[in-house]
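Please look through the sequence and the three-dimensional structure shown here before reading on. The briefing that follows goes through the structure topic by topic.

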Amino acid sequence: QDGTPLSDTGLVIVNIFFVIIAAVALIAAVKMVTTQNVVHAALYLLIVLSTVAAIYIILGAEFAAATQVLVYLGAIMVLMLFGVMLTQAKLGKETDLDYDKKWLGGLVAAGLGAVMVYSLWEAFETTKFADDMAPQRTGDVAGEIFSTFIVPFEALSVLLLAALIGAVVIARK
């Protein structure tokens, strides 16, 4: 986009796409935590992460969308599937994973969701978005990461390296 605001028809179309993508994400997230097959749960996670990337594209955050696709859809999903294969998890349904008090987990999740919605509503109730919002460009984001936020970026790199070394150590046993 060149920074010009969307027309009313464009906003309606964007909102329709957002609702569809959000519904797919919500359904896949619920299926991800309720399925009894570990591989299916990983594939549902893949759908959820894909919809997050699509929402980033709708918001005009192209760098975040590309990072989501490369890091999460690529690297993390491959790592999870390797983890499933290396731990020799059963590929079928695992009935021993069922928990009698799963209603308590649902109640806690609903409560946390209500607190989050209330907090966001209170924080942004009177906030208006600027009409001339332009998408963030990748060069601007990269410049900000590698200048202002270089220390947290490097700390995250060390953390990911430690996780990789830990995965290798666990896999060798």
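**Briefing on a predicted helical model**

Leu86 is found in helix 3. The model is a predicted one, and its protein chain has six helices and zero strands, so that reading along the sequence gives the pattern α-α-α-α-α-α. Of the 173 residues in the protein chain, 13% count as buried. Among contacts between residues at least 6 apart in sequence, 62% join residues that are at least 24 apart.

**Leu86, at the surface**

- Leu86 counts as exposed because its relative accessibility is 56%, and exposed means over 50%.
- Although Leu86 and Arg172 are 86 residues apart along the chain, their C-alpha atoms are separated by 9.6 Å.

**Helix 1**

- Which residues of helix 1 are buried? They are Gly10, Ile21, Ala25 and Ala28, and the buried residues of this helix pack against helix 2, which covers residues 38-59.
- As background to the spacing of such residues, an α-helix has 3.6 residues a turn, so residues three or four places apart point the same way.

**Helix 2**

- Helix 2 has 22 residues and reaches 32 Å from its first C-alpha to its last, which is close to the 32 Å expected at 1.5 Å a residue.
- The buried residues of helix 2 are Ala41, Ala42, Leu45, Val48, Leu49, Thr51, Ala53 and Ile55, and what covers them includes helix 1 and helix 3.
- Val52 is also found in helix 2, but Val52 is partly exposed because its relative accessible area is 26%, a value that lies between the limits of 20% for buried and 50% for exposed.
- Just after helix 2, Gly60 takes a positive phi of about 85 degrees.

- The largest nonpolar core has five residues, namely Ala42, Leu45, Leu49, Leu73 and Met77.
- Helix 2 and helix 3 each supply at least two residues of this core, and helix 2 gives the most, with three residues.
- Gln68 has its place in helix 3, and Gln68 is buried because its relative accessible area is 6%, where buried means under 20%.
- What does Gln68 touch, not counting residues up to four places away in sequence? Gln68 touches Leu49, Val52, Ala53, Tyr56 and Leu73.
- Val52 and Gln68 are 16 residues apart in sequence, and from C-alpha to C-alpha they are 7.7 Å apart in space.
- Ile76 lies in helix 3 as well, and Ile76 counts as partly exposed because its relative accessibility is 27%.
- From C-alpha to C-alpha, Ile76 and Leu46 are 9.5 Å apart in space, while in sequence they are 30 residues apart.

**The second largest pocket**

- Rolling a probe the size of a water molecule over the atoms shows where empty space is left.
- About 580 Å³ of space lies in the second largest pocket, and this pocket is lined by 17 residues, of which Thr67, Val71, Tyr72, Leu156 and Leu160 lie nearest its centre.
- Which elements give two or more residues to the lining of this pocket? They are helix 3, covering residues 62-86, and helix 6, covering residues 150-172.
- Helix 6 gives the most to the lining of the second largest pocket, with eight residues.
- By type, the residues of this lining divide into 15 nonpolar, two polar and no charged.

How values were computed: Residues are numbered from 1 along each chain as its sequence is written. This is a predicted model: local features need pLDDT of at least 70, side-chain atom pairs count only at pLDDT 80 or more; totals for chains, interfaces and linings use all residues. Side-chain values use heavy atoms; hydrogens and water are left out. Buried means under 20% relative accessible area, exposed over 50%, partly exposed in between (1.4 Å probe, protein chains only). Helices (H or I, at least four residues) and strands (E, at least two) are DSSP runs, numbered from the N terminus. Contact means heavy atoms within 4.5 Å. On a 1 Å grid over the protein atoms alone, a cavity is a set of points where a 1.4 Å probe fits but cannot get out, and a pocket is an open set with protein on both sides within 12 Å along at least five of seven lines; lining residues have an atom within 4 Å of a point. Grid points are joined across faces, edges and corners, and a volume is the space filled by probe spheres set on the points. Ala, Val, Leu, Ile, Met, Phe, Trp, Tyr, Cys and Pro count as nonpolar, Asp, Glu, Lys and Arg as charged, and the others, Gly among them, as polar. A nonpolar core is a set of buried Ala, Val, Leu, Ile, Met, Phe, Trp, Tyr and Cys residues joined through side-chain atoms within 4.5 Å. The expected span of a helix is 1.5 Å times one less than its number of residues.
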